[in-house]
Amino acid sequence: MTPIERRDLCLPYLADEALLDEHRACRRILNRLNATDLADFDAIQEITQELLGKTAGDAFISPPFYCDYGFHIEVGKKFYANYNCTILDVAKVKFGDHCMLAPNVAIYAVGHPLHPDSRNTGYEYGAPVTVGDNVWIGGNSVIVPGVTIGNNVVIGAGSVVTKDIPDWTMAAGNPCRVIRAITEADRPYFRRNFPFDQEAWEDIQRIHRQEEK
């Protein structure tokens with residue numbers, strides 16, 4: 001098998017010129033994205049769609065952004081990544097709908113052998129990362145290879161996610177662990193102990209009614 005075929009099967013592989021050509025193509029797009037006027041939202045979204053391909057939809061990435069290939073990143077509706085996000089998409093990195101990444105989030109779908117003799121040969125491998133619907137990943141968080149984050153999850157800032165996180169939970173820490181469940185009681189609050197004011201709450205209900213139509 002070629003290195004690209006091995007990579008896409010999540011088998012250990014050594015990079016060759018064909019694989020490096022894919023890197024180069026991605027970096028040329030990233031150069032344009034990261035050099036774009038930060039106030040030119042239309043251009044940023046257009047380059048984001050070019051980078052991520054047909055799954056991009058209405059995705060928006062605030063530069064600077066870094067990845068290995070781009071085409072291994074799959075996003076759902078209303079995807080947003082804030083400044084200085086890094087996604088090493090050697091394997092598939094898949095996001096559901098309404099996912100938000102705070103600044104400095106790093107997602108690594110790639111790894112290297114533990115033993116130095118094996119690692120120093122240059123072999124590496126990919127392991128997919130999956131993120132469900134309605135997930136907010138806090139700033140400076142790291143997601144390691146092979147992790148699955150469920151639906152309706154909040155990852156606290158500064159977390160290192162080394163294991164799967166179940167649906168409807170708030171998780172944080174290093175290593176990241178479930179802190180508590182997210183329940184219906186959390187709905188009327190925009191921050192702990194801070195409920196929405198009447199104007200904002202009526203607007204939220206209006207938006208939900210429009211989405212349900």
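What follows is a walk through helix 2, then a few other sites for context.

Reply: This is a predicted model: local features need pLDDT of at least 70, side-chain atom pairs count only at pLDDT 80 or more, and totals for chains, interfaces and linings use all residues. Residues are numbered from 1 along each chain as its sequence is written, and side-chain values use heavy atoms, with hydrogens and water left out.

Start with the geometry. Helix 2 covers residues 17–34, which makes 18 residues. Helices here are DSSP runs of H or I with at least four residues, strands are runs of E with at least two, and both are numbered from the N terminus. From first C-alpha to last, helix 2 reaches 25 Å, close to the 26 Å expected at 1.5 Å a residue. The expected span is 1.5 Å times one less than the number of residues.

Now the burial. Leu 19, His 23, Cys 26, Ile 29, Leu 30 and Leu 33 are buried in helix 2. They lie on the same side of helix 2, because they cover an arc of only 125 degrees around its axis. That arc is taken over the directions from the helix axis to the C-beta atoms. An α-helix has 3.6 residues a turn, so residues three or four places apart point the same way. Arg 27, Arg 28 and Asn 31 are exposed on the other side of helix 2. The classes rest on relative accessible area: buried is under 20%, exposed is over 50%, and partly exposed is in between (1.4 Å probe, protein chains only). The cover over the buried residues includes helix 1 (3–8), helix 3 and strand 2 (65–67). Contact means heavy atoms within 4.5 Å.

Next, the cysteine. The whole structure holds zero disulfides, a disulfide being a pair of cysteine sulfur atoms within 2.5 Å. Cys 26 is in no disulfide, and its nearest cysteine sulfur, that of Cys 67, is 3.5 Å away. Cys 26 counts as buried, at 2% relative accessibility. Compare Cys 10. Its sulfur is 17 Å from the closest cysteine sulfur, in Cys 67, and that is too far for a bond. Cys 10 counts as partly exposed, at 31% relative accessibility.

Then the charges. The structure has 11 salt bridges, where a salt bridge is a side-chain nitrogen of Lys or Arg within 4 Å of a carboxyl oxygen of Asp or Glu. One of them pairs Glu 17 with Arg 24, at 3.0 Å from N to O. Glu 17 is partly exposed, with 46% relative accessible area. Arg 24 is partly exposed too, with 34%.

Elsewhere, Lys 78 and Asp 58 meet in a salt bridge of 3.8 Å, N to O. This pair links distant parts of the chain, 20 residues apart: Lys 78 is in the loop between strand 3 (73–74) and strand 4 (80–81), and Asp 58 is in the loop between helix 3 (41–52) and strand 1 (60–61). Asp 58 is partly exposed, at 32% relative accessible area. Arg 187 and Glu 184 form another salt bridge, at 2.5 Å, N to O. Arg 187 is partly exposed, at 45%, whereas Glu 184 is exposed, at 53%.
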